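Please read it alongside the structure shown here.

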Amino acid sequence: MEHTRVSFVLGHLEEQARVLLTQPATDSTLIVTDLSPFHPQSHLWPDQPGDSGTLLWEGGQARVSPCRMGAISPQGALFVDADIPVKRGEPGWAFVVVHPLAGHYPLTVGTPVTLRVDGEARRQLSLGHSGCHLAALALNRALAPYWKKEPAERDALGQADFDRLAITRSRVEPLGSFEQYRIGKSLRKKGVMGAELLAALPTIAEAINTQLATWLAAGGKIERSRDGEAIIDSRWWHCELEGRRITIPCGGTHADTLGELGRVEVTLAPCEEGFTLHTRVTP
Ligand SMILES: [Zn+2]
């Protein structure tokens with residue numbers, strides 16, 4: 001079997017496809033198709049929730065619950081999300097988008113279907129995910145004074161990449177996101193002045209919000225690209241920022257321009273061994 005070809009990277013919300021596998025579960029049916037516009041939540045870094053929507057076929061339709069990642073073994077067994085036992089791209093395995101339908105349906109392999117994503121929910125997650133990337137870049141900038149020495153790890157703007165080194169959790173939400181950062185021993189060793197940083201969270205939040213307002217006022221295009229059509233092919237986020245086009249690896253969905261985001265603001269709060277960052281987008 002082939003990997004699912006996906007079109008959410010292009011911003012698509014609807015596709016005609018064929019059923020490749022249907023698997024009844026307790027009170028649901030799992031559907032795999034050759035092509036899908038649905039973004040599945042990643043099993044490796046589950047930052048953006050899966051798209052939901054509708055699956056239609058001749059004579060019927062069903063609600064699609066948030067989609068997950070799946071992998072089909074060479075013997076044809078489907079493994080979903082955390083149960084996937086192999087690495088991405090394992091030879092002989094097909095990586096697929098799993099569309100869970102509530103209830104049982106008489107769908108068979110080969111059935112032509114229409115897959116339709118809930119557009120408003122997608123839009124809100126896209127805005128939240130774009131806001132999340134911008135907040136991370138603004139965080140890295142605001143934290144520049146809190147490094148004793150410069151680490152080798154740099155972000156897309158060439159700044160010390162605190163976000164990448166310290167992030168432990170990221171969840172994209174409708175019109176926002178929630179990140180958790182841990183300042184542990186290894187980060188202090190790399191040069192982060194943890195105590196000073198944590199004592200200055202209100203000042204840092206202010207600096208981030210000022211930076212975000214400046215970036216949004218400048219506008220700029222947001223684009224996506226991909227190495228191939230398959231769900232396992234690498235995907236990229238590009239954004240015009242400060243007169244250059246920056247690139248970040250990203251599997252999610254996004255707004256098309258900075259202007260669409262309206263206003264992006266963050267709040268920081270201390271937590272055990274670090275802090276949380278909540279980003280809110282007000283389009
Ligand atoms: Zn991303």
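Does Asp81 count as buried or exposed? With a relative accessibility of 15%, Asp81 counts as buried (under 20% relative accessible area; exposed is over 50% and partly exposed in between, with a 1.4 Å probe and protein chains only).

1. Basis. This is a predicted model, in which local features need pLDDT of at least 70 and side-chain atom pairs count only at pLDDT 80 or more, while totals for chains, interfaces and linings use all residues. Residues are numbered from 1 along each chain as its sequence is written, and side-chain values use heavy atoms, with hydrogens and water left out.

2. Zinc site. His129 (NE2), His133 (NE2) and Cys250 (SG) are the protein donors of the zinc ion, at 2.0 to 2.3 Å from it. Donors are N, O and S atoms within 2.8 Å of the metal (3.2 Å for Na, K and Ca); water is not among the atoms, so sites may look incomplete. His129 belongs to helix α1 (residues 119-142) and Cys250 to the loop between β15 (244-249) and β16 (263-271), so the pair ties together parts 121 residues apart in sequence. Helices (H or I, at least four residues) and strands (E, at least two) are DSSP runs, numbered from the N terminus. Both His129 and Cys250 are buried.

3. β16 and β17 (residues 274-282) run antiparallel and are joined by nine bridges; pairing requires at least two DSSP bridges. Val266 faces Thr279 in β17.

4. Glu273, in the hairpin turn, has a positive phi of about 65 degrees and is partly exposed at 41% relative accessibility. Asp81, in the loop between β8 (78-80) and β9 (94-102), has a positive phi near 55 degrees. Most residues other than glycine have a negative phi.
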